[in-house]
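Morning, everyone. I have one structure to walk through today, so please get it up on your screens.

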Amino acid sequence: MWRTRAAAACVICRSLANKSYGIKRKTPPQNLHLASRSLHHPSYPSSKFPRPPLRISIQLFSSLNRLPLRKAKLLNVKYGYQLRRNFWLARLASRLLKIRYLILGSAVGGGYTAKKTYDQWKDMMPDLDEYKWIVPDFFWELDEHIDLEKLIKALPDADDLAKLLPDFDKIGESFASLKGFFSPGSPGETAFRATDQGYDNDKQFKKGLLGELILLQQQIQQHEEEARRATGQYNMGSSQQKRKVSDKEKIDQLQEELLRTQLKYQRMLERLEKENKELRKLVLQRDDKGIHQRKLKKSLIDMYSEVLDILSDYDANYNTQDHLPRVVVVGDQSAGKTSVLEMIAQARIFPRGSGEMMTRSPVKVTLSEGPHHVALFKDSSREFDLTKEEDLAALRNEIEIRMRNSVKEGCTVSTETISLSVKGPGLQRMVLVDLPGVISTVTSGMAPDTKETIFSLSKAYMQNPNAIILCIQDGSVDAERSIVTDLVSQMDPQGKRTIFVLTKVDLAEKNVASPSRIQQIIEGKLFPMKALGYFAVVTGKGNSSESIESIKEYEEEFFQNSKLLKTCMLKAHQVTTKNLSLAVSDCFWKMVRESVEQQADAFKATRFNLETEWKNNYPRLRELDRNELFEKAKNEILDEVISLTQVTPKHWEEILQKMLWERVSTHVIENIYLPAAQTMNSGTFNTTVDIKLKQWTDKQLPNKAVEVAWETLQEEFSRFMTEQKGKEHDDIFDKLKQAVKEETIKRHKWNERAEDSLRVIQHNALEDRSISDKQQWDAAIHFMEETLQSRLKDTESVIEDMVGPDWKKRWLYWVGRTKEQNIRNETKNELEKLIKRDEEHAAYLANDEVTTVRKNLEARGVTVDPCLIKDTWHQIYRRYFLKTALNHCNLCRRGFYYYQRHFVDSELECNDIVLFWRIQRMLAITANTLRQQLTNTEVRRLEKNVKEVLEDFAEDNEKKVKLLTGKRVQLAEDLKKVREIQEKLEAFIEALHQEK
């Protein structure tokens with residue numbers, strides 16, 4: 001096969017040598033075919049074979065040559081081989097087919113690869129069908145409700161704008177300022193940037209609106225390009241126009257037109273924002289009603305405000321609460337601080353006064369977005385609807401009341417912060433603190449230290465390195481009278497966190513002779529203080545009844561017609577409270593993002609130190625704060641009250657009976673038994689006893705019994721409260737338990753009806769004289785003996801104190817008698833002789849007997865007073881009577897038999913035994929009745945009172961701080977606060993990163 005091809009190649013070579021173009025010459029080796037040259041001319045190197053010349057006819061058919069083809073003469077091929085032309089056509093066709101196959105193969109392969117890549121990408125995408133509810137359907141139809149064609153038609157044409165351009169050399173700067181207002185990265189973009197940042201979390205709701213804003217910006221840029229092109233066309237005929245109109249008039253026309261265009265776009269932007277606000281409000285309302293059945297997350301600003309609220313209650317010793325950012329509003333009194341704050345909050349929420357100090361304490365206002373325009377306090381659940389005038393009046397009144405209540409007696413201002421949260425559609429998220437206005441003179445009615453207190457309070461808030469200082473300056477007064485600017489420049493000399501606001505610009509424009517002075521203030525050239533930005537605002541016409549909407553309209557109308565804007569003394573982005581609120585919010589969040597993580601690290605270090613201190617001091621105790629300790633003490637107290645119900649009836653009755661007899665025994669002995677024992681016979685004795693018992697029961701006994709029962713309940717309650725529980729006893733609760741006990745006892749009152757029922761029971765018990773058996777008789781004798789022996793012992797002690805020690809004690813302890821004791825001793829001896837002479841002597845001495853005793857003593861040289869004789873006789877006779885009664889008890893031990901026979905045919909009379917049996921029975925029945933009242937009624941009422949006291953103490957933080965004290969409690973409190981602050985800060989930082 002190879003030989004056949006080589007032979008054919010040689011034939012072709014010879015044919016070319018003989019017949020090419022009719023020229024007879026020897027063909028050089030380089031003109032031969034490669035195969036033929038390699039076979040017949042081996043000495044010629046094939047690698048150096050040059051490209052054939054272009055004039056050869058075979059080159060005309062090459063697929064690599066783009067020159068026009070010529071008609072070539074067909075070559076006669078001998079020996080039946082194919083012509084030379086057909087060989088090159090085959091090569092050309094094969095190359096063409098190869099390119100087509102490459103293209104077709106590439107298309108098929110590329111399509112397959114693209115389809116495979118698309119399928120893989122599609123499989124990687126999550127299924128979003130379940131989340132279609134996030135964006136309501138009507139939002140995607142927003143373009144149908146907003147007519148974009150009208151917006152495009154409302155824009156001025158390039159030709160109309162070019163006609164108003166007289167001097168393009170001067171209007172270049174004006175267009176540059178207009179571009180700066182809308183172009184990214186410029187100061188004028190603050191409003192757009194802050195607006196976009198305010199709604200970053202809800203980008204899905206702004207698809208149509210942001211498209212319109214982008215379209216507006218593009219159209220403005222197109223107008224600028226058309227204006228530049230018109231500048232070149234206009235330069236050719238500028239000489240003719242300069243003859244018609246002066247340069248000054250042209251500049252005025254251009255500035256007016258630019259101002260109108262700017263205000264027009266501003267109104268369009270506000271209209272779009274208003275529509276966006278209404279749509280967002282509808283979405284939030286639908287969410288609020290639970291249409292989507294999803295729980296809304298707490299907003300960033302609410303999380304941040306909670307951290308500040310906790311810090312305001314935290315111990316100031318650590319000085320960490322002042323390092324978190326907030327917007328501090330400071331200014332001279334009546335400079336318009338509160339009005340600016342109300343414009344930012346879009347509601348007249350603060351008390352108003354004409355020239356007098358209204359802000360008497362710091363007011364922290366947290367602004368956040370919500371479906372309804374409402375306000376509420378941190379410690380209250382009531383919401384004030386800011387769209388209703390009656391709620392606004394109630395809110396202003398509540399703020400004023402809280403301010404006055406926070407001011408201590410003898411002071412004018414307070415350092416206590418009032419925390420208020422305001423929510424509404426379109427509000428910029430930030431935390432502002434309105435401080436009392438700085439004053440230069442203390443007037444009548446103010447505390448002498450009011451000026452210094454306001455200065456120190458303002459400095460305390462402004463010295464926070466992360467606080468945004470909103471310095472308010474009254475534009476209607478001379479700048480030299482300002483006090484707050486010097487104070488702000490001391491706190492922030494570089495102006496890195498200060499925003500200057502000039503209020504009442506409308507009055508300033510009317511009153512100031514040189515408007516350039518206002519320009520100097522806004523440019524920061526008049527005051528020595530420096531600031532991040534300068535703003536000029538109008539806070540109304542001075543009428544306190546103006547609404548926020550009317551103030552906005554007046555402010556917009558003023559700046560639209562103001563010469564300050566027309567003459568470029570003020571820039572558009574430096575005016576209106578709307579631009580101010582956007583800029584303040586932007587600076588606030590920038591400061592928060594820069595400093596919040598550093599503060600979280602500081603609290604983490606503080607937490608570690610506190611935990612280490614706790615482990616070293618209280619290794620075996622739990623870290624219980626004041627509220628947790630109170631709950632633990634509360635459970636212990638309730639358990640102890642419940643223990644009262646577990647006291648046995650026998651124990652109650654024994655205690656009641658013993659205490660009641662101790663209370664009434666003196667009355668029974670002195671007023672009933674002794675007088676009755678002086679009678680001559682048993683009938684008179686019983687009659688006297690019955691009368692005196694009746695009188696005693698009607699007037700004194702029930703009341704005494706109730707008093708005894710209440711005292712018994714108090715003693716048992718106190719015993720349970722103060723009883724130590726061994727190792728589990730915690731003395732940190734002692735003060736709290738004592739306070740609960742005292743307050744409960746003070747509140748508890750015994751049932752008043754108890755005395756009436758008790759009186760009837762006691763009457764019936766005392767009227768019974770029938771002793772049923774010998775056991776009761778012996779019990780009555782035993783009761784009488786114990787009572788008389790106790791009384792005799794007390795009487796002996798009294799007599800010993802009166803007459804002094806006897807001879808044994810004087811000899812053993814070397815003590816003597818005083819002069820008075822000697823006199824009483826002589827009197828005692830004389831009276832004892834009198835009783836021995838008459839053993840049935842009455843209980844009282846007659847006057848002649850007193851005289852006889854006194855004379856007998858005087859005869860022995862003892863001078864004595866008659867009163868001393870009677871006093872000594874009372875104790876001597878009592879001792880004699882008690883000894884006689886005890887002897888009589890011994891005789892009556894066997895008298896139960898005579899009692900059953902009513903002492904007939906017997907000289908023994910035991911009526912005193914019957915009296916003591918009646919008293920003993922009355923005591924037992926009374927004790928049983930009181931025990932039933934205690935266990936059935938009074939213990940439960942006492943338990944109820946204890947619960948009420950504990951609930952009152954739980955709501956009174958000052959009471960808990962006073963009753964639960966000590967290093968352990970304070971350390972646990974600090975640890976709890978720091979942990980809570982750190983956790984909330986970490987949650988806030990996490991949410992902040994998610995928002996980015």
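Let me start with a ring and a charge. Lys960 sits over the face of Phe630, 5.6 Å from the ring centre. There is a second case of this kind: Arg429 lies over the face of Trp589, at 4.9 Å from the ring centre.

Keep in mind that this is a predicted model. How confident is the predictor? The average pLDDT for the chain is 76, and 69% of the residues score at least 70. Residues 1-85 have a pLDDT below 50, though this stretch has 75 contacts in the model beyond near neighbours in sequence. Residues 181-210 also stay under 50, with 60 contacts beyond four places in sequence.

Back to rings. The structure holds 17 aromatic pairs. One aromatic cluster is made up of Trp661, Tyr673, Phe783, Phe881 and Phe916.

Now a helix, H15. It covers residues 389-406, which is 18 residues. From first C-alpha to last, H15 reaches 26 Å, close to the 26 Å expected at 1.5 Å a residue. Which residues of H15 are buried? They are Asp391, Leu392, Leu395, Arg396, Ile399, Met403 and Ser406. Looking down the axis of H15, these buried residues fall within an arc of 140 degrees, so they line one face of the helix. Here is the general rule behind such a pattern. An α-helix has 3.6 residues a turn, so residues three or four places apart point the same way.

What covers that buried side? Turn to the face of H15 pointing away from the buried side, and you find the exposed residues Glu390 and Asn405.

Take Glu943, in helix H35, residues 911-955. Is Glu943 buried or exposed? Its relative accessible area is 18%, and the cut-off for buried is under 20%, so Glu943 counts as buried. Leaving out neighbours within four places in sequence, Glu943 contacts Val641 and Ile642.

Then Lys774, which is in helix H29, residues 774-803. Lys774 has 36% relative accessibility, so it counts as partly exposed. Which residues does Lys774 touch, not counting those up to four places away in sequence? Arg893 and Phe896. Lys774 and Phe896 are 122 residues apart along the chain, yet their C-alpha atoms are separated by 6.5 Å.

That's my tour. Over to you.

How values were computed
Residues are numbered from 1 along each chain as its sequence is written. This is a predicted model: local features need pLDDT of at least 70, side-chain atom pairs count only at pLDDT 80 or more; totals for chains, interfaces and linings use all residues. Side-chain values use heavy atoms; hydrogens and water are left out. Helices (H or I, at least four residues) and strands (E, at least two) are DSSP runs, numbered from the N terminus. The expected span of a helix is 1.5 Å times one less than its number of residues. Buried means under 20% relative accessible area, exposed over 50%, partly exposed in between (1.4 Å probe, protein chains only). The arc is that of the directions from the helix axis to the C-beta atoms. pLDDT is the predictor's confidence in each residue, from 0 to 100. Contact means heavy atoms within 4.5 Å. Rings of Phe, Tyr and Trp (its six-membered ring) pair if their centres lie within 6.5 Å; planes under 30 degrees apart count as stacked, over 60 as edge-to-face and the rest as tilted. A charge sits over a ring if NZ of Lys or CZ of Arg is within 6 Å of the ring centre and within 35 degrees of the ring normal.
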